[in-house]
Amino acid sequence: MKTVRAWFNRLSGLFSNQRREQEFAAELEGHLQLHIDENIRSGMTPDAARRDAILKLGGLEPTRQAYRERGTLPFLETILHDLRFALRQLVKNPGFTLTAILMLTLGIGASVAIFAFVDAALLKPLPYPNPSTLVDVNESVPLFPRSNLSYPDYLDWKRLNQSFSSFDVYTGTGYLLNTPSGIEPIAGLRVTDGFFHTLGIAPLLGRDFYAGEDLLSAPRTVILSYATWQKRFAGRKDVIGQTVSLSGIPYTIVGVMPDTFQFAPRNNAELWTTMHASDSAGSCDARRSCHGLYGIARLKPGVSIQAALANMSAIAQQLERQYPNDNRGQGAMVQPLSKYIVGDVRPILLTLLGGAGLLLLIACVNVASLLLVRSESRKREIAVRGALGAGPARLARQFITEGVMLVSIGTALGLLVAYGGMHILLSLISKDAMIHMPYLRGLGLNLHVLSFAGVIALFAAAIFSLTPILRLSFAEMREGLTEGSRGSAGVLWRRIGANLVVLELAIAVVLLVGAGLLGKSFYHLLRVDLNFQPDHLATLEADLPETVYPKDAQMAAVRKQLLDRIAALPGVSSAGVSTDLPVSGNGDTAWIRFVGRDYDGKHNEVNQRSTSVNYFATLKTKLIRGRLFTENDDVTKPMVVIINQALAKQYFPNEDPLGKRIGDTTLSPKSIKQIVGIVDDLREASLDGQIWPAVYYPIDQDTGNSSFNLIVRTTQAEQNMLPTLVSAIHQVDPGIGTTGEATMAQHINDSPTAYIHRTAAWLVGGFAVLALLLGTIGLYGVIAYSVSQRTREIGVRMALGAQRASVYQLVLKEGARLAVWGIAAGIACSLAATLLLRSILFGVQSWDVATLATVAIVLAAASLLASYIPAHRAASINPVEALRAE
Amino acid sequence: MNDKTDVWQGTLALMVLKTIETLGPLHGYGIARRIEQTSGDLLSLNYGTLYPALLKLEQEGYLASEWGVSDNNRKAKFYKLTRTGRRQLEKETRNWEQTTAILARFLAGAEEPL
């Protein structure tokens, strides 16, 4: 306690130095006076009295010194002194200081920002107890390795498996909710009773679903998310037991989940209702071939993923034998839930972290090399200080102080950059994607991230303190005074530094080539043949309340009313509807069979869309042959179908498809349709996806399409039409829900494919620019160091008559040699490295000559600039000065 | 000179505290003189070493100081014991007595044949 107090006093003594010294001077003066008085009284002469007093004191200066040392913390005082000196040194060389700090800031900022993502996404992705026993369980077919379960399959899997202690399914659903601002469609999740129990999270308020509550016979109940409870029910505790109407059906609220609850695969759900699987014959829940569910399960203790997979695959095979019609080719897949949730981002993040680490390394090497250039010019200063009595430890401490100071400033700024960088990276993630990455909510400069930054800073500080110390080995210090020394260490460093710069330039080339290729494929991607005109198209999704429009005829009537009203709006040229928007991706498929052909039971999987009369006209997709749908193609008329060219080519290679008939796998009479038209290959697939065969049905001949996409071609800016469309729909019926208002351009731009390509191009591009910057500075550092070492030699050359032009040439040649090596090595490496990019490249080869040439030119120009500055300095050397320094 | 003992590390603080307890608030010179006299001039004390010791005791909170005027009208800094200083003095005194007693017994015992 008293020691702490004394330390604190001494620490504060650092700041009251002057006052204390004055006071002590007065005290000492008083002391001497008292002593002298007494000595005189005992008979001494004043002179002798004073001498005796000082002698008895033990000298004035030693006393003051001892007092001073006790008054403050001497070692801290030297550190403060070192810091002041270091700061002066740094301010004296603003060019060096700014460059070094800039590099450190970028290096540390980039790696800390990316580490923060790794920390949030990979270190603890699942906010559930015992996350390692949670698995994602689904069916698997060749086209979709992770495909949905059907409800009858789920019941059999659950009954037959020996691997899971609990097994539940969920499926996304939408409800229309009455809100003060009108009917609003909200996202929900239909789950089996043990869903929350399997995840291991209990409700914050109320209760969990009880066993059997998901059966049709149980009363309908709902559990709310915390956000919904707050937003729509004002966080009132008495909501438990209240009734809420969802799409016109009353549900009792039984619970509220905690704020921290998240379920990444479907995190947009506002509430959870129970399965209540329908048992009416035609419903999806009752059909084994209708796949719409996803499964999660807890492994029993000691059961491995492989064992569970083997178990489920055996069950799937058994069901395949039992129900050959429905379950042909339906396998099983089991994977850790964490792999499903962060599996996509893990390799991306780890690659990014590797890239950031590399950048940091380059930055450190560069700063070290700049420090060396500078220590060269400080040799004399160091030698003088050594000669004046500064010990090796004292000199070393000076370098350590300077290193630590650089790193501290760099780290502080780096953290700022990291903070900004994280937000930029977050903004690169689309809002939709963000919903499914709830773990990124924990992103920030938390303890993990700060410790990471601390470790980096320690390493960097160690490197920067050691480099000049090692370089200025103390044997050389004495030579420093003569200024003529050229130690072998200098040559060694030039060699290492040169190799490092070649490496840096090579890395910059690889990253630039990668960024160029990715940018180019993004460009190609956005110009892929869509076979429709994407401009001036406004889209939104409409949901008809099923309680108001329970029958298909009613839906058809209100759909027609909507389309007529919208088509009549000023600024609209035509409007159509479809069950799926173009460019949404392959999927929503049907298995078709051809009337009059042999059938081997193989599933002919094709995209299936139901569209309105004006759909293709609105999109401006070309009709190749036959006819489009007309108003007459309704339920009273024979069923018709339009196919795309891909289907015609694949299934009718040598015959005319028009007039041929197709049906479902059993050719049930209700499913038979006649082909009346062939349209161009409208891009249903994602931008980089393959065009699949597709069938288009008249939506009025199809059943159960209470929600559909509206596509409107406008004559004015489509963005401005969106609110008009919504109000037009609500004029027909305010009970119709509308969501996803967007232009087609936005829809394409925000599609996952475009998003991945754009993000990859930006990220690699960002790294490439940093690498280019760092590589250029690195080259500058090495050339400048070399020039500083050769000052005398250049002076001699010039004294002997060398022209300035030849000095330029001498230095530039040295830079050019390194640059050529770096570019050559970089291009060789990028040919190999971009092979890894092949899967994401689109419409461009990994050996794209234009990209490679551009990168080489950019790098050559940057290298020229980097060597020009030291070359200019070398050419400006005054030979007289250079030689006089001998 | 050789028959004088140097002040042992650690004992100076105790002597300072005891002196101030006995004489009341006192300036540095007075403390130094008193220690020298009490030792019967057997201790050789550089007066200068007293000041860091006084500063240390003040930093530790055992002493407080204020400016005053000496008997012969010289300006001087006077040191006085604080409450914790008084407690510390008691504690240190006890420790010291215990140590010397043990040592005395030890030395006495060593002279006896085993």
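**View 1. The contact between chain A and chain B.** In this predicted model, 27 residues from chain A and 26 residues from chain B make up the contact. The area buried between chain A and chain B comes to about 2,400 Å², and carbon and sulfur atoms give 55% of that area. On the side of chain A, the residues that lose the most area to chain B are A:Glu27, A:Leu34 and A:Arg70, which together account for 26% of what that side buries.

View 2. Across the interface of chain A and chain B, 10 residue pairs are in polar contact. The elements that give two or more residues to the side of chain A that touches chain B are α1 (2-13), α2 (17-41), α3 (46-57) and α4 (60-71) of chain A, and the largest share, 13 residues, is that of α2(A). By residue class, the side of chain A that touches chain B divides into 9 nonpolar, 8 polar and 10 charged residues.

**View 3. A:Asp37 and its contacts with chain B.** A:Asp37 belongs to helix α2 of chain A, and because its relative accessible area is 15%, under the 20% limit, A:Asp37 counts as buried. Apart from its neighbours within four places in sequence, A:Asp37 is in contact with B:Asn72 and B:Arg74. With B:Arg74 there is a polar contact from side chain to side chain, at 2.8 Å.

**View 4. Strand β10 of chain A and the strands that pair with it.** Strand β10 (residues 291-299) of chain A is mostly covered, 7 of its 9 residues being buried. Strand β1 (residues 134-140) of chain A runs antiparallel to β10(A) and is joined to it by 4 bridges, and within this pairing A:Val137 has A:Gly295 as its bridge partner in β10(A). Strand β2 (residues 149-150) of chain A also pairs with β10(A) in the antiparallel sense, over 2 bridges, with A:Leu293 of β10(A) as the bridge partner of A:Leu149. Strand β3 (residues 164-179) of chain A pairs with β10(A) over 6 bridges, again in the antiparallel sense, and here A:Tyr170 has A:Tyr294 of β10(A) as its bridge partner.

Terms used: Residues are numbered from 1 along each chain as its sequence is written. Chains are lettered from A and ligands numbered from 1 in the order in which they are written. This is a predicted model: local features need pLDDT of at least 70, side-chain atom pairs count only at pLDDT 80 or more; totals for chains, interfaces and linings use all residues. Side-chain values use heavy atoms; hydrogens and water are left out. Contact means heavy atoms within 4.5 Å. Buried area is the accessible area (1.4 Å probe) that two parts lose on being put together, summed over both. A polar contact is a pair of N or O atoms within 3.5 Å; within protein, one must be able to donate a hydrogen and the other to accept it, and residues adjacent in sequence count only if both atoms are side-chain atoms. Ala, Val, Leu, Ile, Met, Phe, Trp, Tyr, Cys and Pro count as nonpolar, Asp, Glu, Lys and Arg as charged, and the others, Gly among them, as polar. Buried means under 20% relative accessible area, exposed over 50%, partly exposed in between (1.4 Å probe, protein chains only). Two strands pair if DSSP finds at least two bridges between them.
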